Amino acid sequence: MLTYIEELGEEFNSTKLPQYCRNPLINAALTVYLSRAREEGIPTTISVDLPQDLTCSGDLSIVLSNLVENALIASGKQPEDRRNITVLARQQGDMLNILVKNLFDAPVLLDEEGLPVTKVKGHGIGMKSLARFRDKYGASVLCQKKDGWFLTYLQVDMGAKGVGD
């Protein structure tokens, strides 16, 4: 009987979703693309400390899933030894800080708002969702290519008028 219970426990552990943070929407968004990264053998560094109740959870989960998907696609274009994705997110006081970065060797074109642009049909929707999030929540967004990394840094003042309401 004990062996059967242990087998059930192992089966449960192998099928449950990874817990990246306490927020269920953001956790689900991250799970989809980080699971793919793991399947493709792309090293990841994940540290997400966000509260369970976050006013912008739905919008932020869309933005995060787009950013991580972009990092996954970009990493797939790199040689195997140049693949890496990092996702860091913290709420410190009223400030929400998010960084998504990936190794990327090719040049990146940025538009007049500092967001990456692409001429590939069907791509670029993620950056539009990031721009909408920025405008809706008064967020600061910085995208840059530095030392072989492409970084997207997002900061939101959750205490600002209209953001936490």
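View 1. Pro18 counts as partly exposed, at 25% relative accessibility. The classes are buried for under 20% relative accessible area, exposed for over 50%, and partly exposed in between, with a 1.4 Å probe and protein chains only. The model is predicted: local features need pLDDT of at least 70, side-chain atom pairs count only at pLDDT 80 or more, and totals for chains, interfaces and linings use all residues. Residues are numbered from 1 along each chain as its sequence is written, and side-chain values use heavy atoms, with hydrogens and water left out. Pro18 lies in the loop between helix H1 (2-15) and H2; helices (H or I, at least four residues) and strands (E, at least two) are DSSP runs numbered from the N terminus. Leaving aside neighbours within four places in sequence, Pro18 is in contact with Asn27, Thr31 and Arg38, where contact means heavy atoms within 4.5 Å. Pro18 and Leu30 are twelve residues apart in sequence, and their C-alpha atoms are 9.2 Å apart in space.

**View 2. The whole chain.** The protein has four helices and five strands, in the order α-α-β-α-β-β-α-β-β along the sequence. Of its 165 residues, 39% are buried. Among contacts between residues at least 6 apart in sequence, 65% join residues at least 24 apart. The accessible surface comes to about 9,700 Å², and carbon and sulfur atoms account for 52% of that area. Accessible areas come from the Shrake-Rupley method with a 1.4 Å probe; for residues, only the protein chains shown count as cover.

**View 3. Strands S1 and S2.** Strand S1 (residues 44-49) runs parallel to S2, and six bridges join the two. Two strands pair if DSSP finds at least two bridges between them. Thr45 stands opposite Thr86 in S2, and Asp49 stands opposite Arg90 in S2. From S1 the chain crosses through H3 to S2 in a left-handed β-α-β crossover. A crossover is right-handed if, with the strands pointing away from the viewer, the path from the first strand over the helix to the second runs clockwise.

**View 4. The S2-S3 hairpin.** S2 and S3 run antiparallel and are joined by eight bridges. Ala89 has Ile98 in S3 as its bridge partner. Two residues separate the strands of this hairpin, and Gly93 in the turn has a positive phi of about 65 degrees.

**View 5. Asn97 in strand S3.** Asn97 lies in strand S3 and is buried, with a relative accessible area of 13%. Its side chain makes a polar contact of 2.6 Å with the side chain of Tyr153. A polar contact is a pair of N or O atoms within 3.5 Å; within protein, one must be able to donate a hydrogen and the other to accept it, and residues adjacent in sequence count only if both atoms are side-chain atoms. Beyond its neighbours within four places in sequence, Asn97 is in contact with residues including Leu88, Ala89, Arg90 and Leu154.

**View 6. The largest nonpolar core.** This core has 39 residues, of which Leu60, Leu96, Phe133 and Leu154 touch the most other members. Helix H2 (24-39), helix H3 (57-76), strand S2 (85-92), strand S3 (95-103), helix H4 (125-137) and strand S5 (149-157) each supply at least two residues. H3 gives the most, with eight residues. A nonpolar core is a set of buried Ala, Val, Leu, Ile, Met, Phe, Trp, Tyr and Cys residues joined through side-chain atoms within 4.5 Å. Leaving aside neighbours within four places in sequence, Leu60 is in contact with Ile26, Leu50, Leu54, Leu96, Ile98, Phe133 and Leu154.
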